[in-house]
Structures are given as structure tokens and as C-alpha cells.
Amino acid sequence: MAFANVHMLPQVQPPAPAARPTEETAPSPPQSPTVRVRGFSRRFGDTEVLRDLDLDIAPGEFVALLGASGSGKTTLLRTLAGLDPADPEAVRAPANRAVVFQDARLLPWKRVWRNVALGLAGLDAADRARAALAEVGLEHRMDAWPATLSGGEAQRAALARALVREPRLLLLDEPFAAVDALTRIRMHGLVLALWRAHAPAVLLVTHDVDEAITLADRVLVLEKGRIAAEERIDLARPRDGGPAFQALRRRLLNRLGVDPGAPPPSPAQSSPPEAELLAYPTGEIL
Ligand SMILES: Nc1ncnc2c1ncn2[C@@H]1O[C@H](COP(=O)(O)OP(=O)(O)O)[C@@H](O)[C@H]1O
Ligand SMILES: [Mg+2]
């Protein structure tokens, strides 16, 4: 299996074809990208966080975004979510998009299914919420109060709420950062199953190189305000951590300035503060 080396990107990346390893269809004509960013800059005070950034995400493509803390990942994600201002000439993203943040909250005074149904129009809102909860294995908790959910259950409710209106773009900001390793592995499988079933374009922000390689069609590295490197992941899923996986891992860690041979940081340094992973508070498709 051959991989492109990590490399500096040209100014404009062509849209990547939507990779769907389970489908065996004839090549389709190129589609316009779901996300198209050209020359986007964002500054806070004197600091230019995003600088003349270009990015395309193809329909149905699963992209992971890595970068050091403070490199602007959340800023980019919020821009694509429409939560922060952007020139529409520079940033194009579909109106039908949904976000799951690590540190957002389910509304505690609404039962789980009502959180999922929030803002849904139509008499079938409850049925759709129930179906979405069933998809994430949470139908039995639909009448529960959010405070009684485990962290992993709350995450699944967040995913159900994000997917219930079939977004064309699903934005995930470190959604698994606060859960234990076993729950994280289960969540990876669930996210891939939901991605296959609903086929949104996905942008997953993560600081976890293994997670990025496990899930994504393409891994990007954000550095100095731009997409500074990319790796296309051609490995069949599920990905087994074999030699090709390890080679990619080494390249990406090197790119991030981490010594792949060094022991992992102690939990005290690496764990985020205890926080339940919950959905974007309004649950709206933005
Ligand atoms: N609303 C804001 N006001 C001022 N500075 C901000 C704001 N949001 C983000 N920043 C700054 O922009 C930089 C990038 O932040 P962020 O996008 O959250 O990084 P990341 O998600 O990669 O850790 C950081 O230095 C952060 O402090
Ligand atoms: Mg962030």
C-alpha cells in the first residue's frame, strides 16, 4: 500500500473523491465539494489564528483535522458551523449542518428524546427522535433525564441529535476526548456506522493521531493558520494498526513535532478535565 508522504500543500487543494470502501459503484463525475474554503483568515486581536486557509471536503468524505492545542481547529470548525462570522465568498458550507462539541450540554430540563427532537418540525418529530436514538442504541433511555446518562450515553444522544435531520455536513470537535478508552473504541465503530448509513461529509477535530487514522479518509494537519500537511488513508476499514498504519502514525506524529518513540504523557498531563461529552446546546441544525 503506497501513501503520499506528508507534504506542504499547494494553495488550492482539489476536492477529494468521496471514499466509500463498501460501495462498488462505477466512478461518478466530480461533484462540487460540500465545504469550500478559499483564502480564509481569522484574527483575534493581534493574533492571526487562521491565515489564508484553503480547504475542500467532498460530499460524504470523512476528514480528520489534527493540530497542536491553540492552532485554530475549533475556530475553523465554528466558522464552518456558521457560529462565527465569515465572508461567504471565502467560506462555503451547507446550511444543513450539525455540530457535536465535547463540552456542550444536553438541556437538563428536557428528556432525552425531547433533546433529540429539539427544533424538529412536524407531527412525526417524536418518531424521528426515537428512530435516531434507536440507531445509537439508546431507545431504552429516551424518557430519561440527561443527568442520569453516562458520558458515553450522552455522547450517543448528541450524535442522535446531530443526525436526526440528515445533515450534509457533520462537524465533530474532539467528541471522544473525555471518555474512557473502551467507550472511545465503541464510539469509533458507531460513528463509522452512522457515517455509512447517512453519508454526511464529516470534519472530525481531534488531537488523537490514532483516532484520525482509524476513522478518516483524509487526515489534515493545521499549523500556522493553514492546512500544512495531509495524508490520504487508503487502508480498508476496520483498520488494524498494522505496518502501514504505523508508518502513517509516525509520519503524522513527526509532522506534529511529537517523538513517536517517546512514552505517552502521564494521565495527569494528557486527560482533559472531567467533562461529559454532550451535544451542541440548542441541538439545532445550524
Ligand atoms: N473568541 C476568542 N477570542 C479571543 N481569542 C480566541 C477566541 N477563540 C479562540 N481564540 C484563540 O485562538 C487560538 C486558537 O483557538 P482554538 O481554535 O480554540 O484552537 P484549538 O481548537 O486548535 O485548540 C487560541 O490562541 C485561542 O486562545
Ligand atoms: Mg479546540
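Student: Where is leucine 253 placed?

Tutor: Leucine 253 belongs to helix α7, where helices are DSSP runs of H or I with at least four residues, strands are runs of E with at least two, and both are numbered from the N terminus. This is a predicted model, in which local features need pLDDT of at least 70 and side-chain atom pairs count only at pLDDT 80 or more, while totals for chains, interfaces and linings use all residues. Residues are numbered from 1 along each chain as its sequence is written, and chains are lettered from A and ligands numbered from 1 in the order in which they are written.

Student: Why is leucine 253 called partly exposed?

Tutor: A residue is buried if 20 or more other C-beta atoms, placed from the backbone, lie within 10 Å of its own, exposed if 12 or fewer, and partly exposed in between. Leucine 253 has 17 C-beta neighbours inside 10 Å, so it counts as partly exposed.

Student: Which residues is leucine 253 in contact with, leaving aside its neighbours within four places in sequence?

Tutor: They are Val209, Val258 and Pro260, a contact being two C-beta atoms, placed from the backbone, within 7 Å. Leucine 253 also lies 9.8 Å from aspartate 210, C-alpha to C-alpha, although the two are 43 residues apart in sequence.

Student: How do you know that the buried residues of α5 line one face of the helix?

Tutor: In α5, the buried residues are Met187, Val191, Leu194 and Trp195. Seen down the axis, they fall within an arc of 100°, taken over the directions from the helix axis to the C-beta atoms, and they therefore line one face of α5. They pack against β3, α3, α4, β7 and α6, whereas Leu182, Ala193 and Ala197, on the other side of α5, are exposed.

Student: What makes the reach of α5 close to the one expected?

Tutor: Helix α5 runs over residues 181–198 and has 18 residues, and the expected span is 1.5 Å times one less than that number of residues. The expected value is 26 Å, and the helix reaches 26 Å from its first C-alpha to its last.

Student: What is the phi of alanine 199, and of glutamate 166?

Tutor: Alanine 199, in the loop between α5 and β7, has a phi near 55°, positive in a residue other than glycine. Glutamate 166, in the loop between α4 and β6, has a positive phi of about 50°. Most residues other than glycine have a negative phi, and most peptide bonds are trans. Alanine 199 has 16 other C-beta atoms within 10 Å, so it is partly exposed, and glutamate 166, with 14 such neighbours, is therefore partly exposed.

Student: What makes the peptide bond from arginine 237 to proline 238 cis?

Tutor: Its omega is near 0°, and proline 238 is found in the loop between β9 and α7.

Student: What is the average pLDDT of the chain?

Tutor: The chain averages 84, and 80% of the residues score at least 70, on a scale of the predictor's confidence in each residue from 0 to 100. Over residues 1–17 the pLDDT is below 50, and this stretch has 31 contacts in the model beyond near neighbours in sequence. Where pLDDT is low, the predicted coordinates should not be read in detail.
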